[in-house]
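Please summarise the chain below as a short briefing.

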Amino acid sequence: MENDSLISGNRPVIMVTNDDGIGAQGLLALVHVLVSASRYVVQVCAPDSEKSAVSHCTYGHPLVVKRVKIEGATAVSVSGTPVDCVSLGISKALFPSVPDLVISGINKGSNCGYNIVYSGTVAGAREAFLDGVPSISLSYQWSSGKSQVNDYLLSAKACLPIINAILVDIKNQNFPNGCFLNMDFPTDIANHKDWNPQFSDDNDDETDKKSLREGYITVTPLGALSRADEDNHHYFKNWLPNLG
């Protein structure tokens, strides 16, 4: 799918989805940060209730779509899964154009290692990728007794450099089309390591968890059903350290 908003010089269009439901604090924090940046057209198409751990499931019954008020964004809830929401949201049935970028999250709880197999958050980004739309899945390592709602805002702000860099590469037509990105934010996001995200070279469960415990933001390129190929890994290894 193609969207000419970036090529024509218009503000880039970002569509947000999740698996925790449209009223989830992680999604609302992400939308707030995107809207506050005043750089994007923000659309939201998310499940009307929690649909965690549904993987790439899609519902086989008619979907109910309702307008939802989220300040600064055009938002709808859908009585389906994250995959349903993305498929419908990028179809032009609800919004006037295909988004330049789909962001799924911010999920409550990390989605690293083997969790990506059954994660609805990751599946939302995967569905956009399969349909030819660049995408990212975002998850925050929530810890009861340590985490606060404000940590979602800090995670969203920490992600802005990557979002902006992706949009620049999309505009220049050199963003890799063979993968999507999965990002996890550590519990102590307020004191995460200097902006040089830990790059997960594979999808090893213990490697990602260790990086999160050490305070790194993990960034993993993923293919449809496996790790991304070597060319995509090489691209992001050179790309990520240059973000400021």
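The chain has an accessible surface of about 10,600 Å², and 49% of that belongs to carbon and sulfur atoms (Shrake-Rupley method, 1.4 Å probe). This is a predicted model, in which local features need pLDDT of at least 70, side-chain atom pairs count only at pLDDT 80 or more, and totals for chains, interfaces and linings use all residues. Residues are numbered from 1 along each chain as its sequence is written, and side-chain values use heavy atoms, with hydrogens and water left out.

**Chain overall**
- Of the 244 residues, 55% count as buried (under 20% relative accessible area; exposed is over 50%, partly exposed in between; 1.4 Å probe, protein chains only).
- The chain holds six helices and nine strands (DSSP runs: H or I of at least four residues, E of at least two, numbered from the N terminus).
- Of the contacts (heavy atoms within 4.5 Å) between residues at least 6 apart in sequence, 75% join residues at least 24 apart.

**Helices H1 and H4**
- The axes of H1 (residues 25–36) and H4 (residues 150–171) come within 9 Å and cross at roughly 50° (axes are lines fitted to C-alpha atoms over the stretch in contact; angles run from 0 to 180 degrees between N-to-C directions).
- H1 contributes Gln25, Gly26, Ala29, Leu30, His32, Val33 and Leu34 to the contact, and H4 contributes Tyr152, Leu153, Ala156, Lys157, Leu160 and Ile163.

**Asn150**
- Asn150 lies in helix H4 and, at 39% relative accessibility, counts as partly exposed.
- Its C-alpha atom is 9.9 Å from that of Ile189, 39 residues away along the chain.
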